[in-house]
Amino acid sequence: MGPDNDNSAVLDLNLRVRGIANLRVVDASVFPNITSGNINAPTVMVAEKAADMIRGIDTVGEFKNRVWSVILNITKCNVSEATAGRYSYRFFWRYFYYLEPESIISDTVKEEYDYVVVGAGTAGSVVAARLAEDAGTSILLLEAGGHFDESKLTSWGSGWIALYTYSFDWGYYTESEKDVFKGLAGKRSYWPRGKALGGTGVLNGMQYTRESRFDYDRWAVNGCVGWDYKSVLPYFLKSEDIHISELYSSSYHSRGGPIAVTYSPPSGLTPLVLKAGFELGYNVTDYNGELQEGFSVVQSTLRNGIRSSTAHEFIAKEKRQNLDIVTALW
Ligand SMILES: Cc1cc2nc3c(=O)[nH]c(=O)nc-3n(C[C@H](O)[C@H](O)[C@H](O)COP(=O)(O)OP(=O)(O)OC[C@H]3O[C@@H](n4cnc5c(N)ncnc54)[C@H](O)[C@@H]3O)c2cc1C
């Protein structure tokens, strides 16, 4: 994405492909510069903003002025909520909160749709679900991979590395590199990518990081007007459902959005690491808040111990009559 005077930008600032009518790209590839940390939350933000652009509306008004009015209390952090995800509890939530994946897949498709969304990954699930909020609009969501029941393999956060090479992973390898990957077979590196409803969001590490505000301000300085931190923050807030009690009143967090955010279950080392950071002169901080430098328990996209992917939260909670979802295309 880039301004009109940037000849290297494939997309304009509304994510439209230059020179092709009625085609937009909405995913992690649109960033003009890669942000400084994990990019799932920024990808959801992009998708939320894109859905508003396509619908021609502004759905984030209520969030717009919040961040500038409240002073954040970042000094107290406890990890009590993180222990909520006991196994039986997760089992209960998985089966009573979300629909079975089979029940949201369509058997038939119509002749025409208002919108076709290709790829039901992190971004595609958000875009399709938000467009479907307009009851008079019809949407077809196409996903190359199948659906898979995330609870079987991914509900337990620390098990995510075991997910690679399954059928829901594209299983990419890099080309052989002369000077790197010297310890790897064929000098090729394995690059997992999700191939399922929810895309890479169903096999990622679930870390919830929005990155530095300066990443977005740099986008704007380089010509991406409307993508500065103040402009994108409401879209982070729109999708968030914070479950960390000491952050409920923070203007950098929000309750009631689709994606649940809570602390990862702490290990025995967690308090020691936080204490060590404190002794070195760092605060225990909210790294998605006002002051990002410091130590913290990891914030994760988990709801009651279940992975809070965009597939789960945006499309698997209800079957919408105006949204047809077709999976397992190849
Ligand atoms: C191993 C790993 C761990 C990660 N951990 C974290 C983390 O802890 N925190 C974080 O913030 N980020 C993490 N990320 C990054 C984050 O998950 C991704 O950046 C994000 O999910 C990308 O979203 P996306 O919508 O761009 O693509 P994806 O979520 O990959 O979605 C693309 C979708 O399109 C489908 N598709 C592709 N081609 C076609 C086609 N021709 N027709 C139909 N469908 C198609 C794919 O099957 C897929 O479902 C991790 C990434 C990886 C690989």
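## Ligand and pocket

A nitrogen atom of the ligand lies 2.9 Å from a polar backbone atom of Gln207. The model is predicted: local features need pLDDT of at least 70, side-chain atom pairs count only at pLDDT 80 or more, and totals for chains, interfaces and linings use all residues. Residues are numbered from 1 along each chain as its sequence is written, and side-chain values use heavy atoms, with hydrogens and water left out.

| Residue | Ligand atom | Distance |
|---|---|---|
| Gln207 | nitrogen | 2.9 Å |
| Ala123 | oxygen | 2.9 Å |
| Gly194 | oxygen | 3.5 Å |

Of the 1000 Å² of accessible area that the ligand has on its own, the protein covers 80%; such areas come from the Shrake-Rupley method with a 1.4 Å probe. Helix H1 (40-55) and helix H3 (122-131) are the elements that give two or more residues to the shell around the ligand. Helices (H or I, at least four residues) and strands (E, at least two) are DSSP runs, numbered from the N terminus.

In total, 29 residues surround the ligand, each with a heavy atom within 4 Å of it. The closest are Ala28, Asn40, Thr122, Glu143 and Thr200. By class, this shell holds 12 nonpolar, 13 polar and 4 charged residues, with Gly counted as polar.

The ligand sits in the largest pocket, meaning that more than half of its atoms lie within 2 Å of the pocket's grid points. A pocket is an open set of points on a 1 Å grid over the protein atoms alone, where a 1.4 Å probe fits, with protein on both sides within 12 Å along at least five of seven lines; lining residues have an atom within 4 Å of a point. The largest pocket has a volume of about 1400 Å³. Its lining has 47 residues, and Val26, Asp27, Ala28, Ala123 and Gly124 lie nearest its centre.

Technical notes: A polar contact is a pair of N or O atoms within 3.5 Å; within protein, one must be able to donate a hydrogen and the other to accept it, and residues adjacent in sequence count only if both atoms are side-chain atoms. Grid points are joined across faces, edges and corners, and a volume is the space filled by probe spheres set on the points.
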